[in-house]
Amino acid sequence: MIELPEALARADELKSELKGKRAEKVWPPSSPHKFCWFNGEASSYDDMLSGRKVVDAQGFGIFAEIIFEGDLRVCFNDGVNVRIFGEGDNIPGKYQLRIDFSDGTVLVFTVAMYGSIACADGNYDNEYYIVSKNSISPISPEFDHTYFFGLLDSAKPNLSAKAFLATKQRIPGLGNGVLQDILFEAGIHPKKKIGSFTEHEKELLFVSIKEVLSEMVRLRGRDTEKDLWGNPGGYKTKLSKNTYKDGCPKCGGEITKAAYLGGTVYFCPECQT
């Protein structure tokens, strides 16, 4: 799933590979998916984009977007997988959207569980898009102690650490995936109530958010996610589906895997309290 590190990495890859290339044909879904949502009719995207050149790409929150001439954008969010192919490559037959470029490059969008793909102008009226784009990024200087402690103070004290970090779009781009290592490095249990945090724990959490996310971004995403070419990200997750059976990286004890708040959490019951 795309979270902030992957949104930034995919945008960099798309900009590097597509800037200056012109869309030649946009194909609607060959394999319709009832949990893939489009802005308008996907069949209209060919008329909107064909002949337009890519001028940029951006990432923010849970979104990445390709910007075409005339300020038309193809943006996609957390559940969408994007792959790039060249001339002679075997193009998948099943997709939710496909864009062919005049030089033979092909971009294929697929959705496993759920996700959205939108072709819109810079005023795309989607609440998650707007929040992701306009909120302060946790890796920016503006996300400082004052800002973070303000978020904590404005939240209900009976919220768990996971609920605080990953719900209500308080910190767009920080979701159930990246929070595992953030809470592990901070030594905080995902179910711990934020009202019980000590000042030291608040500081540990702030530092962990900044440092873990910055490292994930530097290494172009997590190893649980894949880039445009299908390669895993360079950040080796400490607690994830890939590693939880290996034991705790700190104490060697058994990692707990549990369903919580609509997703899976991984934690060490000894190191996270």
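This briefing covers side-chain pairings in the structure above. The model is predicted: local features need pLDDT of at least 70, side-chain atom pairs count only at pLDDT 80 or more, and totals for chains, interfaces and linings use all residues. Residues are numbered from 1 along each chain as its sequence is written, and side-chain values use heavy atoms, with hydrogens and water left out.

**Salt bridges**

- The count comes to 16 salt bridges, each a side-chain nitrogen of Lys or Arg within 4 Å of a carboxyl oxygen of Asp or Glu.
- Glutamate 13 and arginine 10 form one of them (2.8 Å, N to O).
- These two residues sit three apart in helix α1 (residues 4-18), so about one helical turn separates them. Helices (H or I, at least four residues) and strands (E, at least two) are DSSP runs, numbered from the N terminus.
- Both glutamate 13 and arginine 10 are buried. Buried means under 20% relative accessible area, exposed over 50%, and partly exposed in between (1.4 Å probe, protein chains only).
- Arg10, Asp12, Glu13 and Arg220 are linked in a network of salt bridges.
- Glutamate 185 bridges to lysine 238, with the closest N and O atoms 3.5 Å apart. Glutamate 185 lies in helix α6 (residues 179-186) and lysine 238 in the loop between α7 and β10, so the pair ties together parts 53 residues apart in sequence.
- Glutamate 185 is partly exposed at 32% relative accessibility, and lysine 238 is partly exposed at 29%.

**Aromatic pairs**

- There are 13 aromatic pairs. Rings of Phe, Tyr and Trp (its six-membered ring) pair if their centres lie within 6.5 Å; planes under 30 degrees apart count as stacked, over 60 as edge-to-face and the rest as tilted.
- Phenylalanine 76 and phenylalanine 109 pair edge-to-face, at 5.6 Å centre to centre and 75 degrees between the planes.
- Phenylalanine 76 is in strand β5 (residues 72-76) and phenylalanine 109 in strand β8 (residues 106-111), so this pair ties together parts 33 residues apart in sequence.
- Both phenylalanine 76 and phenylalanine 109 are buried.
- Phe143, Tyr147, Phe148, Phe149, Phe164 and Phe206 form one aromatic cluster.

**Serine 240**

- Serine 240 lies in the loop between α7 (199-218) and β10 (256-260).
- Serine 240 counts as buried because its relative accessible area is 6%.
- Its side chain makes a polar contact with the side chain of threonine 237 (2.7 Å). A polar contact is a pair of N or O atoms within 3.5 Å; within protein, one must be able to donate a hydrogen and the other to accept it, and residues adjacent in sequence count only if both atoms are side-chain atoms.
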